[in-house]
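Subject: Handover of a predicted structure

Dear colleague,

Please find below the structure that I am passing on to you. My notes on it follow, with the criteria stated where each term comes up.

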Amino acid sequence: MRILGVDPGYAILGYGIIERVGTKLSAVDYGIIETAKDQPFPLRLERLYDGVCSLIETFSPEAAVFEELFFYRNTTTALSVGAGRGVAILAAQKARLPLYEYTPMQIKMAVTGNGHADKKQVQQMVRLLLNLHENPRPDDAADALAAAICHGCTMGPATEEYRIH
């Protein structure tokens, strides 16, 4: 099964695509979709949408996994990131992919065994689990790979699809 993981953002959206064959996980591709600060917000959202659509078309994932948003203070940033997340979800939904979401704590727990792991620990475990030569960079791509790994490790043949609402 091929899984697209997404770390939502509007300035930088991280993505990671993994392949699960049996219990073996491997990286297919990972990186970021960036938007320019000087572009109007609607154009930035369009860039994210087009970028996710292109990833889906290129790599043909069978599921899309999103990290749930979690913000303490900055509501302006939360709203913008939420809009970026929304267009990525829309791209996956229009492609009729099953959609899943996990909290940052669930992702960290699945990847490191510690729901409070720091970014460096997550990167190191992603590298080990996917047999990469170096830690995936930037952090957004590593987080997207971690989300995909979380789903790849926790799903079973009888896992019910969880639709984001």
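R96 is found in the loop between helix 2 and strand 5, where helices (H or I, at least four residues) and strands (E, at least two) are DSSP runs numbered from the N terminus. This residue has a positive phi of about 65° although it is not a glycine. R96 is exposed, with a relative accessible area of 61%; buried means under 20% relative accessible area, exposed over 50%, and partly exposed in between (1.4 Å probe, protein chains only).

The model is predicted, so local features need pLDDT of at least 70 and side-chain atom pairs count only at pLDDT 80 or more, while totals for chains, interfaces and linings use all residues. Residues are numbered from 1 along each chain as its sequence is written, and side-chain values use heavy atoms, with hydrogens and water left out.

Backbone geometry

S60 also calls for a note: its phi is positive, at about 50°, although S60 is not a glycine. S60 lies in the loop between helix 1 and strand 4 (63-67) and counts as partly exposed at 48% relative accessibility. A cis peptide bond, with omega of about -5°, joins R137 and P138. P138 belongs to the loop between helix 4 and helix 5. As background, most residues other than glycine have a negative phi, and most peptide bonds are trans.

Salt bridges

A salt bridge is taken here as a side-chain nitrogen of Lys or Arg within 4 Å of a carboxyl oxygen of Asp or Glu.

E101 pairs with R85, and the closest N and O atoms are 2.4 Å apart. This pair links distant parts of the chain, with E101 in strand 5 (residues 99-102) and R85 in helix 2 (residues 75-94), 16 residues apart. E101 counts as buried at 16% relative accessibility, and R85 is buried with a relative accessible area of 13%.

K119 forms a salt bridge with D143, the closest N and O atoms being 2.5 Å apart. Here too distant parts of the chain are linked: K119 is in helix 4 and D143 in helix 5, 24 residues apart. K119 is partly exposed, with a relative accessible area of 45%, whereas D143 counts as buried at 10%.

D139 forms a salt bridge with R137, with 3.0 Å between the closest N and O atoms. D139 counts as partly exposed at 28% relative accessibility, and R137 is exposed at 53%.

Q123 is in helix 4 (residues 119-130) and is buried, with a relative accessible area of 6%. Which residues does Q123 touch, not counting those up to four places away in sequence? They are N135, P136, R137, D139 and A142, contact meaning heavy atoms within 4.5 Å.

Among the buried residues of helix 5 are A142, D143, A146 and H151. At 1.5 Å a residue, helix 5 should span 22 Å, and its end C-alpha atoms are 22 Å apart, which agrees; the expected span is 1.5 Å times one less than the number of residues.

The second largest pocket

About 160 Å³ of space lies in the second largest pocket. On a 1 Å grid over the protein atoms alone, a pocket is an open set of points where a 1.4 Å probe fits, with protein on both sides within 12 Å along at least five of seven lines, and lining residues have an atom within 4 Å of a point. Grid points are joined across faces, edges and corners, and the volume is the space filled by probe spheres set on the points.

The lining of this pocket consists of E67, P104, I107, K108, K119, V122, D143 and A146. Helix 3 (104-112), helix 4 and helix 5 (139-154) each give two or more residues to that lining, and helix 3 gives the most, with three. By class, the lining has four nonpolar, no polar and four charged residues; Ala, Val, Leu, Ile, Met, Phe, Trp, Tyr, Cys and Pro count as nonpolar, Asp, Glu, Lys and Arg as charged, and the others, Gly among them, as polar.

With kind regards
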